[in-house]
Amino acid sequence: MDAQDKKQLDSADKVAPATLQLGKYQSAINAKLQEFDARDFTKGFWQKEASLWVQDEAAQQSVRSFMGWLRVAETMVAAVPEIEQFAQEVNAAGFKHVVVMGMGGSTMAPIVFEKSFPQGEGGLPMSILDTTNPGTVREIEKSVPLTETLFIVASKSGTTAEPLAFGDYFYHRLQELKGDKAGENFVAITDPGSKFVTAATEQGYRRIFLNFAEVGGRFSALSYFGLVPAALYGINIRELLDRAVEMMRACGAYGPVNHNPGLELGVALGVLAQEGRDKLTLVVPQSLSDLGLWLEQLIAESTGKEGKGILPVAGEPLGAPAVYGQDRVFVYVGYQGKPDEANQQKLAALEQAGHPVITILMADPLDLGQEFFRWEVATAVASAVMQINPFDQPNVQAAKTATDSLMKVVEKEGKLPQTEEPKVTEDGVSYYTAVQANTAADLVRAFFAQAKPGDFLNIQAYLTESPELNEDLQRLRQQVVDQLHIATTSGYGPRFLHSTGQYHKGGPNTGLFVQFTVDHPQDIQLPGRSYSFGTFQNAQAAGDLQALHDYSRRTLRIHLGDNAEQGMRTVLASLQGAPLVGAQA
Ligand SMILES: O=P(O)(O)OC[C@H]1O[C@H](O)[C@H](O)[C@@H](O)[C@@H]1O
């Protein structure tokens, strides 16, 4: 063993330990690891050899141009003083709150930071806005002291419709309060040369952080997109990065492949997916409940294309072996020395029953720096096993294009077009789907009767997130897992459009999609535009539904009227009485 091998092994010993209990899949995974070893895979990986993923020249060019994340943690170590100084300046200027506004990769890491860490010493409270839902926009607006709030508009491309709308809305509000000094309260994080740089400069933004063109959104947690909000929230970003760099060394090009934490995990996930274990079911303690949002985007958007993919399943209630099909791999991410008895016992039973179970135990939340990097490598490696380009999202655009056409109609006619008649309307709730039945209960049952082993349910909630609604959605998921034995995922729209939405349209056609929409009696008008947040959100729902239909997906849209909670209760009540029965394989 030479010095470089030894250094890499030392780093592998220092990172959070992972245990991979792979049962009967171990031999296939070992064989793939040996094959990769024989091909010098890790060397090629670090040299950005695009042929490891794809053979087409244009796709190879895309792979090569989005591998900046490999070294971004190291690069960002040098930027720590600049970011920390900025955080001090913000404090000194008297700011009391931070709101980060953006979609997908531009806000997922801040969401994880805010949920997984306590607010740090000298840090500011932080909220994240990543929805066009007028109820949520209003809640955030009411909960912060506007003139003492720093608004971060985060968008890599600088062209994403939502962050630009959030920026416009709050800039206008601040102009009402501070006149031409509004820009003092605004910060941009974007790529060099984006159109947004010009707009933010014109609006007198306090600061514009330029990120790196070669770092894709979902691989940007350890760049300015994650680190500026983290520092403002009071997280020790130097330590976070040091730990990420340790993981980077452990995942290096030297040393044995089976001691390379990212490679080992990625090969396991890729081979398991090929063997039909393609539902990566994440289990976490409550304090890490939002890690799943970040992982969902990374894994679903990177692997969910060309009819293939790994489906991340986050936030699903963990059950006994009898409720699961043969399509799962369970991954527990938690903390050393913090026993999580209930989950651990269930996972032990699942392992006994032959399900693959992977366990990663961090020392404390700062180890998330490591985990971001481990999972980025693992996702890229799994994509190589599956022979797909992990860095594009070819099917996300479909929903955006359909939404844009609908918004053109709104601009002309003042409202969204009515495209489809409901199959059933009961108690103010309307149901739209291709299947036939006369009552709401029968229609929903008929929709679920299409479920086959290996399918999954995806709940799409274009609603105001609330604890009550979260509980209702969990009940629905629980019923589906228990009675149909299929995986269930759930997301608030439009957040998931920039995350798992890629898999929904680009992955295998195994999804049953239930979309919840609502009227917005208390809407918010967007300044300088002919539409409101509520219309925008409903156009996004309708646009994605259109895209799902274009990809021949099975959908059920449930319009809850103007009271989401009440409508949801009606829907859940219609599911009581008899169990749901799916189709045979
Ligand atoms: O950061 P932005 O350019 O605004 O992009 C935000 C998000 O939107 C897109 O739709 C992509 O699917 C995501 O990968 C991306 O993270």
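By class, three nonpolar, ten polar and three charged residues make up the shell around the ligand. The structure is a predicted model, and the protein in it is divided into domain 1 (3–66 + 244–386), domain 2 (79–235) and domain 3 (396–574).

**Ligand shell**

- Of the 16 residues around the ligand, those that come nearest are Gly104, Gly105, Ser157, Thr160 and Gly217.

**Overall build**

- The secondary structure of the protein comes to 22 helices and 16 strands.
- With a radius of gyration of 23 Å, close to the 25 Å that the globule rule gives for 585 residues, the protein is as compact as a globular protein of that length.
- The C-alpha trace of the protein spans about 70 × 65 × 50 Å along its principal axes, and 51% of the 585 residues count as buried.
- Among contacts in the protein with a separation of 6 or more, 79% are accounted for by residues 24 or more positions apart.

**Contact between domain 1 and domain 2**

- The C-alpha centres of domain 1 and domain 2 lie 30 Å apart, and the contact takes 20 residues from domain 1 and 15 residues from domain 2.
- On the side of domain 1 that touches domain 2, the elements that give two or more residues are helix H14 (291–303) and helix H16 (368–386), and H14 gives the most, with seven residues.
- By class, that side of domain 1 has eleven nonpolar, six polar and three charged residues.

**Helix H7 and its cover**

- Helix H7, which runs over residues 108–116, is mostly covered, in that seven of its nine residues are buried.
- The buried residues of H7 are Met108, Ala109, Pro110, Val112, Phe113, Glu114 and Ser116.

How values were computed
Residues are numbered from 1 along each chain as its sequence is written. This is a predicted model: local features need pLDDT of at least 70, side-chain atom pairs count only at pLDDT 80 or more; totals for chains, interfaces and linings use all residues. Domain bounds come from an automatic or database domain assignment. Two residues are in contact if their C-beta atoms, placed from the backbone, lie within 7 Å. Helices (H or I, at least four residues) and strands (E, at least two) are DSSP runs, numbered from the N terminus. Ala, Val, Leu, Ile, Met, Phe, Trp, Tyr, Cys and Pro count as nonpolar, Asp, Glu, Lys and Arg as charged, and the others, Gly among them, as polar. A residue is near a molecule or strand if its C-beta atom, placed from the backbone, lies within 6 Å of it. The radius of gyration is taken over C-alpha atoms; the globule rule is 2.2 Å times the number of residues to the power 0.38. A residue is buried if 20 or more other C-beta atoms lie within 10 Å of its own, exposed if 12 or fewer, and partly exposed in between; C-beta atoms are placed from the backbone.
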